[in-house]
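Hello,

Here is the structure I promised to pass on. Please open it first, then read the notes below.

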Amino acid sequence: MDDLPANDDAPLFVPEEFQLEHREEAHRMVASTSGRQRVGRRIASVVGSRKDASRHWSFALAVAVHALAALLLLVITAVTGTWTAGGIVLGLAGLSLVVTLRILRSCERRRR
């Protein structure tokens with residue numbers, strides 16, 4: 001290859017033949033699918049994989065459980081009239097939600 005040092009700012013060079021070959025292949029693939037298949041592939045690409053779906057469900061479950069706990073805390077606080085203690089515990093529930101979401105995100109990164 002060249003003895004010139006690599007320059008990160010320089011544009012990448014891709015041979016014209018390579019571009020044309022893959023462009024034609026992409027056009028053939030699109031032309032060979034019916035409209036219904038194309039719509040299905042687009043929906044599948046937007047929705048994502050099952051891993052993404054399970055991750056979204058686990059995040060949603062964590063938020064739902066913490067929201068239910070916050071609602072219960074507010075009801076108990078209103079009934080007993082202990083707004084200071086209720087506010088502190090509500091803050092701890094919010095902190096718990098933040099920590100739970102970070103742990104779930106960390107576990108998801110390790111699975112990849």
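**What I found**

The protein chain exposes about 10,000 Å², and carbon and sulfur atoms supply 64% of that area. Keep in mind that this is a predicted model.

The fold first. The protein chain has four helices and zero strands. Along the sequence the pattern reads α-α-α-α. Of its 112 residues, 8% count as buried.

Next, a buried histidine. H66 sits in helix α3, which covers residues 50-80. Its relative accessible area is 16%; buried means under 20%, so H66 counts as buried. Two polar contacts are worth a look. The side chain of H66 reaches the backbone oxygen of A62 at 2.8 Å. A polar atom of the H66 side chain also lies 3.4 Å from the backbone nitrogen of L97. Leaving out residues up to four places away in sequence, H66 touches A93, S96, L97 and T100.

Then the surface. Which residues make the nonpolar patch? I88, L92, L95, V99 and I103 do, and the patch has an area of about 480 Å². I88 belongs to helix α4, residues 83-111. Is I88 buried or exposed? I88 counts as exposed, because its relative accessibility is 54% and the cut-off for exposed is over 50%.

Then colour the patch from I88 to I103.

Best wishes

Technical notes: Residues numbered from 1 in each chain as written. Predicted model: local features only at pLDDT ≥ 70, side-chain atom pairs only at ≥ 80, totals over all residues. Heavy atoms only, no water. Patch = residues over 30% accessible without salt bridge, like charges linked within 9 Å, V, L, I, M, F, W, Y side chains within 5 Å. Areas by Shrake-Rupley, 256 points an atom, 1.4 Å probe, with all protein chains shown as cover. Salt bridge = Lys/Arg side-chain N within 4 Å of Asp/Glu carboxyl O. Helix = DSSP H or I, 4+ residues; strand = E, 2+ residues; numbered from the N terminus. Buried < 20%, exposed > 50% of the residue type's maximum accessible area, 1.4 Å probe, protein only. Polar contact = N/O pair within 3.5 Å; in protein donor to acceptor, adjacent residues only side chain to side chain. Contact = heavy atoms within 4.5 Å.
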